[in-house]
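Opening the notebook on a new model today. I'll jot down what I look up as I go.

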Amino acid sequence: MTNRRPYRHILILADIEGSSGCGSYRASSFLTRSWATACAAMSLDVDAVVKALFKAGVRRVTVKDFHRTAHNLLPEMIDRRARILSGYRQGPVPGLGDPEDADAVMMIGMHAAAGTGGFLAHTLTSRLAGLVVNGRPLAEVELFAASLAPFGIPAIFFSGCPIACHQARKRIKGIRTLPIDKTIAPAHLDAVSWRQTLSQAAVRSLSDNAAAPYRLDGPLQAVINIRDGTVVAAKMADPWGFRRSGATVYINAATFHTLYEALIRLCYLSPLADKTLPYSLMLYNWIGWLGRQWVRRHLKTRCRR
Ligand SMILES: [Zn+2]
């Protein structure tokens, strides 16, 4: 028995690597044919979960696209009752914006932490060969869950490759996971029944009561290895004044928020882009929007053939 009130507003963070249509790095890459197909499959995965959540009594579902340009989901393929957020916002939650009155977060289509051997494992960008914080690899599930903790939002459900699921369960107490077998190529996966299993597992997580907001308390010491070596590491880290030795960057942060901001700068921004962030974001979001138009055109011509 629990006296916790039921979750009314669910926030879904959706990525592509651990979704049902992504079988290769190419299928996660901007403007490739296999990416267009993966976008459609990712949208159907989200649709299945959204429908099941509403059926289970959830009143509101917000879906945030969190892969690359954040314009992968095709809203026309997803139940119209859900609100789909594309593109990135500056804050208060980096990338997401305002989580409003979300009661809990679910993450689907996810992947494992950089350098840990899961399917297309990475953290924030594939340019990081490894990201270790306080002695252990840091996965995006922790970054996203910790960024929502100040709003009292627990992470209750996660789906991705088996290694990603294992990492999520190890780090986030009470999270329910559902793995996807990435050894099966998307063309051979029975996506319809997998989506059913996925959405049933998501619904079951609504009645779990062990989940609490995930806090990552400081001080935090990050050791980051840049995949492409010293020159690239210098380009990424030196403009920010981060301590660096060869291809290894060191960031010490007193709080989680400071660490997350530093990682975003290292991985995605130049000081100029940071100074003009509202405009850089607008430009980036516009490119993403154009990319999604390309996906629609590609899917249409493929259907006509
Ligand atoms: Zn992704």
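This is a predicted model: local features need pLDDT of at least 70, side-chain atom pairs count only at pLDDT 80 or more; totals for chains, interfaces and linings use all residues.

**Strand S4 and the sheet around it**

I started with S4: seven of its seven residues are buried, so the strand is largely enclosed by the rest of the structure. Buried here means under 20% relative accessible area, with exposed over 50% and partly exposed in between (1.4 Å probe, protein chains only). Helices (H or I, at least four residues) and strands (E, at least two) are DSSP runs, numbered from the N terminus.

Residues are numbered from 1 along each chain as its sequence is written, and side-chain values use heavy atoms, with hydrogens and water left out.

Which sheet holds S4? I find it in an open one of six strands, ordered S3-S2-S1-S4-S7-S8, with parallel pairing. Two strands pair if DSSP finds at least two bridges between them. Strand S3 (83-85) and strand S8 (176-179) are at the edges with a single partner strand each, so one side of each has no neighbour in the sheet. From one strand to the next the twist averages 15°.

I then went through the pairings. S1 and S4 are joined by five bridges, and Leu11 has Val105 in S4 as its bridge partner. Between S4 and S7 I get four bridges, with Met107 opposite Phe158 in S7. Strand S1 (residues 9-14) and strand S2 (residues 60-65) share six, and Ala14 stands opposite Asp65 in S2.

Next, the helices on this sheet. Helix H2 (residues 140-148) lies across S1, strand S4 (104-110) and strand S7 (155-160), at about 160° to S4. Helix H3 (residues 162-171) touches S7 and S8, and its direction makes about 160° with that of S7. Contact means heavy atoms within 4.5 Å; axes are lines fitted to C-alpha atoms, for helices over the stretch in contact, and angles run from 0 to 180 degrees between N-to-C directions.

**Zinc site**

What holds the zinc ion? I see Asp15 (OD), Glu17 (OE), Glu17 (OE) and His67 (ND1) as protein donors, 2.0 to 2.6 Å from it. Donors are N, O and S atoms within 2.8 Å of the metal (3.2 Å for Na, K and Ca); water is not among the atoms, so sites may look incomplete. Asp15 sits in the loop between S1 and helix H1 (33-55) and His67 in the loop between S2 and S3, so the pair ties together parts 52 residues apart in sequence. Both Asp15 and His67 are buried.

**Aromatics**

I count six aromatic pairs. Rings of Phe, Tyr and Trp (its six-membered ring) pair if their centres lie within 6.5 Å; planes under 30 degrees apart count as stacked, over 60 as edge-to-face and the rest as tilted. Trp35 and Trp294 have ring centres 6.2 Å apart and planes at 10°, so that pair is stacked. Trp35 is in helix H1 and Trp294 in helix H8 (residues 277-304), so the pair links parts 259 residues apart in sequence. Trp35 is buried at 1% relative accessible area, whereas Trp294, at 26%, counts as partly exposed. I also noted one cluster of Phe66, Tyr88, Phe144 and Tyr284.

**Strand S9**

S9 pairs antiparallel with strand S5 (residues 128-133) over five bridges.
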